[in-house]
Amino acid sequence: IKQVVKQMFYIIGAVTLNNLLLRKDMCSWSKGMQIRYNVSQLEEWLRDKNLMNSGAKETLEPLIQAAQLLQVKKKTDEDAEAICSMCNALTTAQIVKVLNLYTPVNEFEERVLVSFIRTIQMRLRDRKDSPQLLMDAKHIFPVTFPFNPSSLALETIQIPASLGLGFISRV
């Protein structure tokens with residue numbers, strides 16, 4: 001169950017982040033609030049179902065950081081430093097794309113200045129991350145099965161002749 005929930009949460013996060021990176025109408029302060037609220041609902045569901053240790057919450061980290069990026073101030077050098085330290089689950093390309101797409105929806109918000117985006121790029125230039133913009137929505141986590149040792153000793157097992165496994169011998 002934990003593995004299935006983790007995979008589902010990864011797909012939710014990847015598809016949502018990819019949509020955010022491809023759609024200008026998704027990059028606003030209010031959409032950041034909406035995404036963060038929805039993610040908090042998913043986190044609450046994980047807590048209610050006792051699945052916080054499934055790794056599912058961690059798969060949502062890039063989406064959480066993108067939502068926070070939409071909500072923070074984007075003006076000063078201190079803001080740039082905060083963004084660079086906060087967005088460690090996002091690639092430089094993803095951060096820059098969100099900042100470029102950021103669209104104010106009311107008079108209280110302003111577009112992100114090109115100089116601010118350049119400041120972010122300069123601060124992140126030494127970061128060793130993938131140039132990939134979109135998340136791989138088809139990524140599949142490996143399935144693991146717990147090992148449950150048998151209480152039955154192998155020496156006591158009798159193999160029926162009808163199985164045609166006469167070539168197997170005891171060592």
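In the predicted model, helix α6 (residues 92-101) is largely enclosed by the rest of the structure, because seven of its ten residues are buried. The buried positions of α6 are T92, Q94, I95, V96, V98, L99 and L101. These buried residues pack against four helices, namely α1 (2-22), α4, α5 (77-86) and α7.

Helix α4 (residues 61-71), one of the packing partners of the buried α6 residues, also crosses helix α2 (residues 29-48), the two axes coming within 8 Å at an angle of roughly 145 degrees. The crossing of α2 and α4 has a left-handed sense. On the α2 side, the contact is formed by W29, G32, M33, I35, R36, V39 and E43, which meet L63, I64, A67, L70 and Q71 of α4.

The loop between α2 and α3 (56-59) contains N50. The phi angle of N50 is near 60 degrees, a positive value in a residue other than glycine. Most residues other than glycine have a negative phi. With a relative accessible area of 66%, N50 is classed as exposed, because this value lies over the 50% cut-off.

Terms used. Residues numbered from 1 in each chain as written. Predicted model: local features only at pLDDT ≥ 70, side-chain atom pairs only at ≥ 80, totals over all residues. Heavy atoms only, no water. Axes fitted to C-alpha atoms, helices over the stretch in contact; angles between N-to-C directions. Helix = DSSP H or I, 4+ residues; strand = E, 2+ residues; numbered from the N terminus. Left-handed = near helix turned anticlockwise from the far one by under 90°. Contact = heavy atoms within 4.5 Å. Buried < 20%, exposed > 50% of the residue type's maximum accessible area, 1.4 Å probe, protein only.
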